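Try each task on your own before reading the solution.

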Amino acid sequence: MEDINLDTPDIMDAKEAAKIWDKNEGYVRTAYKKSPEKFPEGSIRKFGSTWVVTTKAMEAITGEKDPRKNK
């Protein structure tokens, strides 16, 4: 079994991800409901009422590289 590092900045809740990519707060949830096939397998998951996404998911749905890497 592969170890998963939960301390990586490449895992974030959907609200944080939307803020980083300068999208509205509900962007990830709406994008997933409209086009779940755009999310790479294993790049999004709901825990209780919180959506968790990866950098890979955000890059896939926005078409933009991680803005944090430009700083």
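Predicted model: local features only at pLDDT ≥ 70, side-chain atom pairs only at ≥ 80, totals over all residues.

## Exercise 1: The overall fold

**Task.** Work out the order of the elements along the protein chain, and explain why its radius of gyration agrees with that of a compact globule.

**Solution.** Count first, then order, then size.
- The protein chain has 3 helices and 3 strands.
- Read from the N terminus, they follow the pattern β-α-α-β-β-α.
- A compact globule of 71 residues would have a radius of gyration near 11 Å, and the protein chain comes to 12 Å, so the two agree.
- Along the principal axes, the C-alpha atoms fill a box of roughly 35 × 30 × 20 Å.
- Of the contacts between residues at least 6 apart in sequence, 52% link residues at least 24 apart.

## Exercise 2: The nonpolar core

**Task.** Find which members of the largest nonpolar core touch the most other members, and which element gives the most residues to this core.

- Buried residues account for 30% of the 71 residues in the protein chain.
- The largest nonpolar core has 13 residues, and Val28, Phe39, Ile44, Val53 and Met58 touch the most other members.
- At least two residues of this core come from each of helix H1 (14-20), helix H2 (27-34), E3 and H3.
- H3 gives the most, with 3 residues.
- As background, nonpolar side chains in soluble globular proteins tend to be buried together.
- Now look at Phe39: beyond its neighbours within four places in sequence, Phe39 contacts Val28, Ala31, Tyr32, Ile44, Ala57 and Ile61.
- One of these partners, Ala31, belongs to helix H2.
- Buried means under 20%, so Ala31, at 17% relative accessibility, counts as buried.
- With its neighbours within four places set aside, Ala31 is in contact with Pro36, Phe39 and Ile61.
- Ala31 and Met1 are 30 residues apart along the chain, and their C-alpha atoms are separated by 30 Å.

## Exercise 3: The loop between two helices

**Task.** Compare Asp22 and Glu25 in the loop between H1 and H2. What is the phi of Asp22, and which residues does Glu25 contact?

**Solution.** Take the residues one at a time.
- Asp22 lies in the loop between H1 and H2.
- Its phi is positive, about 60°, although Asp22 is not a glycine.
- With a relative accessible area of 69%, Asp22 is exposed.
- Glu25 is also placed in the loop between H1 and H2, and its 55% relative accessibility makes Glu25 exposed.
- Apart from neighbours within four places in sequence, Glu25 contacts Lys15 and Ala18.
- The C-alpha atoms of Glu25 and Ala14 are 7.7 Å apart, although the two residues are 11 apart along the chain.

## Exercise 4: The largest pocket

**Task.** Describe the largest pocket: how much space lies in it, and which residues lie nearest its centre?

- The largest pocket holds about 390 Å³ of space.
- Its lining has 17 residues, with Ile4, Leu6, Ile11, Gly42 and Thr54 nearest the centre.
- Strand E2 (44-47), strand E3 (50-54) and helix H3 (55-62) are the elements that each give two or more residues to this lining.
- Sorted by class, the lining has 7 nonpolar, 5 polar and 5 charged residues.

Methods:
Residues numbered from 1 in each chain as written. Heavy atoms only, no water. 1 Å grid on protein atoms, 1.4 Å probe; cavity = no way out; pocket = protein on both sides within 12 Å on 5 of 7 lines; lining within 4 Å. Points joined across faces, edges and corners; volume = space filled by probe spheres on them. Helix = DSSP H or I, 4+ residues; strand = E, 2+ residues; numbered from the N terminus. Nonpolar A, V, L, I, M, F, W, Y, C, P; charged D, E, K, R; others polar. Core = buried A, V, L, I, M, F, W, Y, C linked by side-chain atoms within 4.5 Å. Buried < 20%, exposed > 50% of the residue type's maximum accessible area, 1.4 Å probe, protein only. Contact = heavy atoms within 4.5 Å. Rg over C-alpha atoms; globule rule 2.2 N^0.38 Å.
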